[in-house]
Amino acid sequence: MLVATDFDGVLAPFDVDPMAVRPAGGGMESLRALAALPATTVAIVSGRDLDALGTLTSVAEDEPIVLIASHGAESTSAAVRSAMEAAAVSTEDERRLAALDADISRLVAERHPLATVEHKTAAVVVHTRGLPRDIADAAVAEAREVALTHSGVRVLKGKSVLELSVSHADKGSAVTALGRDRGVTARVYFGDDVTDEDVFARMTRPEDVTVKVGPGSTAARHRVDDIPAVVAALEQLLATRRTHTPIE
C-alpha cells in the first residue's frame with residue numbers, strides 16, 4: 001500500500017508566514033507508524049522545495065517516509081528522481097526563472113508591498129494570505145500578467161498563492177512513479193489544492209482511495225472537511241492496517 005498526502009492544508013494549517021506552519025498533532029505520528037509497517041510506503045507530497053519540506057516535516061534522512069517536493073521535481077526517492085528526470089529544470093529554465101523572479105520581486109515591492117514573495121528551486125510564488133480580498137486579487141492578477149510575458153512559465157493558482165513555475169513536473173506523475181517502483185496494489189492520497197487534482201486524476205483503480213480536503217470541485221472520490229478529519233482518517237487507517245498486516 002502507498003499512503004501519500006499533501007502537506008499544507010492537509011497535515012498542517014496555513015500561516016501568513018509560510019515557514020511558520022507546523023503539522024497538526026497526530027498526523028505525522030500516524031504517518032510514521034504506517035511507514036514502520038511491512039509492505040507500506042508513506043510519502044509526503046508538496047509544492048515546497050525539498051529543503052523546506054524536510055525542515056517543516058522534521059523527516060530525517062534515515063526515516064522511511066518519502067518526501068516529494070516542488071510538485072514532483074525533487075524527491076528523496078531515487079526512483080522518483082529518475083522518473084521525473086525529463087521534467088528536470090534545465091540551464092535555460094534557470095535563466096528563465098531568474099528573469100521572472102526579478103520581474104515579480106520588483107512588481108511586489110513597487111505595487112503590492114503587503115504581499116510576499118517566496119523563492120523556490122523551480123518557481124517564484126506570490127503569497128497573499130491574510131490580505132483584504134481586493135488587494136490580494138490585484139496582486140495575483142498583475143503577477144499573472146507579468147508571468148504571461150515570459151515563455152515556458154506554468155501558472156498555478158492555489159489558496160492565497162500564485163505559483164509561477166518553470167518546472168514541467170507534476171504531483172500525479174511523481175506519486176505514480178513511486179507506487180510503480182514499490183509495486184503497490186492500493187494507493188491512498190489526501191489533497192486540498194488544485195495541484196493535487198493531478199494525483200486524483202491518475203488514481204482511478206478500484207483499489208485507490210482519493211480524498212479531497214475541504215470544499216471545491218474535485219476528481220477525488222471522497223471528501224473530508226478539514227485537517228482534524230484527515231488526522232482521524234489516518235488514525236483509522238493505521239488501526240485497520242495494523243489489524244490486517246502481518247508483522248514480519
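**Ground rules**

I number residues from 1 along each chain as its sequence is written, and my side-chain values use heavy atoms, with hydrogens and water left out. Since the model is predicted, I hold local features to pLDDT of at least 70 and count side-chain atom pairs only at pLDDT 80 or more, while totals for chains, interfaces and linings use all residues.

**H1 against H8**

I started with helix H1 (residues 27–35) and helix H8 (residues 227–244). Helices here are DSSP runs of H or I with at least four residues, strands are E runs of at least two, and both are numbered from the N terminus. The two helices pack at about 25°, axes 9 Å apart. Axes are lines fitted to C-alpha atoms, for helices over the stretch in contact, and angles run from 0 to 180 degrees between N-to-C directions. H1 and H8 are therefore roughly parallel; the label needs an angle under 35 degrees, while over 145 is roughly antiparallel, 65 to 115 roughly perpendicular and the rest oblique. I noted their crossing as left-handed (the near helix is turned anticlockwise from the far one by less than a right angle; clockwise would be right-handed).

Who touches whom? From H1 I listed Gly27, Ser30, Leu31, Ala33 and Leu34, which meet Val231, Leu234, Glu235, Leu237, Leu238, Arg241 and Arg242 in H8. Contact means heavy atoms within 4.5 Å. By class I got seven nonpolar, two polar and three charged residues for H1 with H8. Ala, Val, Leu, Ile, Met, Phe, Trp, Tyr, Cys and Pro count as nonpolar, Asp, Glu, Lys and Arg as charged, and the others, Gly among them, as polar.

**H4 against H5**

Next I looked up helix H4 (residues 91–111) and helix H5 (residues 133–147), which pack at about 150° with axes 10 Å apart. That makes H4 roughly antiparallel to H5. Their crossing is right-handed. H4 brings Leu100, Asp103, Ile104, Leu107 and Arg111 to the contact, and H5 brings Glu142, Ala143, Val146 and Ala147. I sorted that contact into six nonpolar, no polar and three charged residues.

**Pockets and a cavity**

On a 1 Å grid over the protein atoms alone, a cavity is a set of points where a 1.4 Å probe fits but cannot get out; a pocket is an open set with protein on both sides within 12 Å along at least five of seven lines, and lining residues have an atom within 4 Å of a point.

The largest pocket has a volume of about 490 Å³. Of its 33 lining residues, Asp8, Phe14, His127, Lys159 and Val161 are closest to the centre. I sorted the lining into 10 nonpolar, nine polar and 14 charged residues.

The second largest pocket holds about 230 Å³. Its lining includes Met1, Val188, Phe190 and His244. H8 turns up again here, giving the largest share of that lining, six residues.

I found one cavity of 30 Å³ or more, and the largest cavity has about 40 Å³ of space. Among the residues lining the largest cavity are His71, Lys120 and Glu163. Its lining came out as two nonpolar, six polar and two charged residues. Volumes are the space filled by probe spheres set on grid points, which are joined across faces, edges and corners.
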